[in-house]
Amino acid sequence: MTQFKSSLTRRSFVQTVAGVAFTVNVIPAGLLRADENNAIAALGDENQGWSAEPGKASYRIDGLAKVTGQSIYARDFHAWTMPGWPKGEQPVMIIRAINVEKPFVGLELGLLPDEAKSTKVLYGDEITNKVSRPSGVEHDLDVDRREDILRGETNLPGDIHWPFIVPRGQSADFYGQPVAFLICPSRKVFRAVEKAVQFNPAFQIYTGKATPKPGMALQPLTDYVRVADPAGGDDIISYARNGWDANYKKNADVYRRRIKREIGSGKWKRYCADCSMQAMDPMFMEPESGLAWYDASSLSLTLVVGTQSPEHDVSDTLAMFAGPQNPVMVKTVNLVSCYPGGGFGGRDKSIFTLNLALAAAYGGGRPVRLAYDRFEQFQAGLKRHACELSAKLAVDDRGKIQAIAVDMDFDGGGRKNLSPYVAQLAGLCAGGSYNIPKAAISSQANYSSNVSGGSQRGFGGPQAFFAIETLLDDAARDNGWDPIDLRRRNILSKGGKTVVGGPITETLRLDEILSLAEQHSLWRDRDAARGFWRQRNLLYGVGYAMSMQAYGTSGDGLVGYVGINLDGSLTVRTDAVDMGNGSATTLAVTTGAYLGNNAASIEMGDPNLFSQLQMTTTNGSWNDPGWTKKATGSSSACLTAFHQVHAVEQASKVLFDTAILPAARRLWRVDGITAQQTLWTDGALTAPHFGLPPLSLRDLAVDIYGDGGNVRASLVHAYFQEIWVEADYTVPKSGQFHWSIDGAALFTVGAAQPTLVRRANGRYPDDASARYARTTFAPCGNLLALTVDGKSGEVVVRNSVSILNAGRIIIPGLVAGQSQGGVAMAIGYTLLEDMPPGPAGPALGNWNLHRYHVPMARDVALKGQELITLAPLPGDRTAKGIAEAVMCSVAPAISNALYDATARRFRDLPITSAKIREAL
């Protein structure tokens, strides 16, 4: 059986040097083994069935492991499958707040069955008591430090503490906040406890009345004001030009009021929209799950989790236990990074890992297991933000957009997470794909007592694009303009500016997307189709919308490792996490460009890479060759094709320049041969004009490993902010090179530590580009056809066409899969998935798929879906991150189709059949 070679590696980092590592393999439990280096997981895929020609894949590298049920998710592992762990594990149940209006007093432990009396109950006030370290020395808990970590670095009033566990006598800050941990001695006891208390509100005791928590906006706030120069010069005012200084704030207030007055003055046609979007659960396949073991003898904490942000989890866990006053001393955090089983923002900076670590610290030295069921995931998991939005659009008689004013309020729920940054990107997206001379956009995320919001797929784009795309259709219908032609009159192009004043530095190809939509039979023949469905007593409509979703943060740090093994196979290592978007497969084939072969194995979620570069991000500048602006970030749905691929591709090039080519010269005995004179043919390195024998990677590996000091692997750090940092590098015995990275480390045969390679003569981003908000975009247009039953209000999506500028497509099947998933997710968001706030929603822990209606195959027009991708421009190798772009314009396309079918405008999501019946 072909199996996936995975590397779920235990790493030690930050405060310690890695010790002997163990392996977790993607094979049934009990078949664990270490490879020859005792450092990475080794699971043979001798036939490499997934791997096609270099740079291509026959199927996902993890595909067989997933469909054959091998152990790759955190839920698949138990303490008894982990080498060196105590075999017994303690299941943990987190009891979560179902009341935020009264102080929590405690649990009604009398409801526990007799067999559950041995369950350990951990209250919030108990972790502030004096406890003993392993040495027996007692210390007070550093409460302030703990609360500082827990509130997530936000500037909040002092009476909101966000403890991990609500202390008895205090009220919860938000629904779903833990009020107690139940640490059960066995699975049998856990099941008895679960049966007795999971859906029993009487188990939690609340009395009295709490002081209401003040409302607040989570910092930073987003306030974009732009007034373009009519003569085409520099903006009169914009965030990109002026930055966020006191002068900008003062003048922005003046211009904001002026723009809003001008929109309402009557000089232009004005169109207004008040929109509301509900919170949405990511509903990923695997609810959050993990194992943890605190070994007091070594002061080490080992975590087995599927996470989107392994490095953040590690640093946050270390910080949580830092300080001399902490009752639990943790010197080392080890992380086994498993496949998450879906993510798309739902696991980014999730509190799950910290809760797991806390349970382990108080687990009495035995491993603990925290595994949410779907009820718990609904109650505790991160959500897409609910949003209230008000927008006004001004259009002149020629159909040219003159101004826009947008105010957005996102419900951040009880934790900061990435909420203000979601609001920030939404501010950019509010201007859509259009040239708008005057813009006044305010966007903020607010604290509430609801379940926490996070950075779910789209990152504010689905909310923001909805307003402008539906307003444009209103303007078209009001004036008798063709909706697609109206968009064409206003689209951005290279050299234009966004609503923050940031320049468009790439060819967007929006006009091509519009033309393909205009020429498509779904649009062209919509009137004939309307008659067909009318005969069947159904209303029919076709809607169009487009988006220009950004990918990356325009300030991204990436790491990539590529090594050649003794057998000639290639290994890729990355801190990136494959959330189901195919990152593992894409990065495994990325080596093909420079090394002529796909990687045989890939290690995802390795948080130890950046530290090996010994670079710093503090108190420095680009003048310091060991400094970089950002180390790494969390994995996101759209960071693979452009960002992570670049890092792995550059690591492949560095390995070629410093290891492969020198080995080839030695074997060929031709010192002067250059990279340009070589060619990979059928997986072997050739020199066509020299008549030399082809060299396989195995031949090259034997030479490389035959002499200590030869380079066997490369690790690079790359940074992108409008441009990639690039610089010169000098490598002893190899020469001088120019690479598009800002730092590297070379691993040599026989050496315990890598050789650091520092840059010189670099090209760096200028300061202004940090104010552009984003500079990389993946434009997408969506045509959507649907029918409406005028009596029942039932909507059936009949056809969906996505027209996407994805740039260079690395693996077409993955792009198609992302498109299908994006359309399905957006249809659910728009028509089906309703999640009320407060107790009416999942806050009480009693929600599952019987209440939350996700789309099924019949809802997403699988047979009627079509994806059209633009062919790359000649000479352009840019691959775009598209996982968020493919869903951002679906919701407004549905609303526009409903408008076309019913002549009624729906702007409150989800657009349910009940709302449609009422409107009709």
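Which residues in α18 meet which residues in α19? Here are some notes to read alongside this predicted model.

1. Let's start with that question. On the α18 side, the residues are Ala-659, Ile-660, Ala-663, Ala-664, Arg-666 and Leu-667, and they meet Leu-697, Asp-699, Leu-700, Asp-703 and Ile-704 in α19. Sorted by type, the residues of this contact are 8 nonpolar, no polar and 3 charged.

2. Now step back to the two helices themselves. Two packed helices are described by the angle between their axes and by the distance between the axes. Helix α18 covers residues 640-668 and helix α19 covers residues 697-705; they pack at about 90°, with axes 9 Å apart. Angles of 65 to 115 degrees count as roughly perpendicular, and α18 and α19 are therefore roughly perpendicular to each other.

3. Next, look for empty space inside. Rolling a probe the size of a water molecule over the atoms shows where such space is left. Searching the whole structure gives 7 cavities of 30 Å³ or more, and the largest cavity has a volume of about 230 Å³. It is lined by 19 residues, of which Thr-586, Ala-641, Val-815, Lys-880 and Ile-882 are the closest to its centre.

4. Who builds the lining of the largest cavity? Helices α18 and α20 (812-832) each supply at least two residues, and the largest share, 3 residues, comes from α20. By type, the lining has 12 nonpolar, 5 polar and 2 charged residues.

5. Do find Pro-872, in the loop between β35 (865-869) and α21 (885-888). Pro-872 and Arg-808 are 64 residues apart in sequence, yet their C-alpha atoms are 5.5 Å apart in space. Setting aside neighbours within four places in sequence, Pro-872 is in contact with Arg-509, Gly-807 and Arg-808. Its relative accessibility is 43%, so Pro-872 counts as partly exposed.

6. The bond from Gln-219 to Pro-220 is cis, with omega near 0°, and Pro-220 is in strand β10 (residues 217-227). The bond from Leu-909 to Pro-910 is also cis, with omega near -5°; Pro-910 sits in the loop between α22 (890-902) and α23 (913-919).

7. Finally, check two backbone angles. Arg-669 is not a glycine, but has a positive phi of about 60°; this residue lies in the loop between α18 and β23 (679-681) and is exposed, with a relative accessible area of 77%. Lys-733, also a residue other than glycine, has a positive phi near 75°. Lys-733 is in the loop between β28 (726-731) and β29 (735-739), and is exposed at 82% relative accessible area.

Note on methods. Residues numbered from 1 in each chain as written. Predicted model: local features only at pLDDT ≥ 70, side-chain atom pairs only at ≥ 80, totals over all residues. Heavy atoms only, no water. Axes fitted to C-alpha atoms, helices over the stretch in contact; angles between N-to-C directions. Helix = DSSP H or I, 4+ residues; strand = E, 2+ residues; numbered from the N terminus. Parallel < 35°, antiparallel > 145°, perpendicular 65-115°, else oblique. Contact = heavy atoms within 4.5 Å. Nonpolar A, V, L, I, M, F, W, Y, C, P; charged D, E, K, R; others polar. Buried < 20%, exposed > 50% of the residue type's maximum accessible area, 1.4 Å probe, protein only. 1 Å grid on protein atoms, 1.4 Å probe; cavity = no way out; pocket = protein on both sides within 12 Å on 5 of 7 lines; lining within 4 Å. Points joined across faces, edges and corners; volume = space filled by probe spheres on them.
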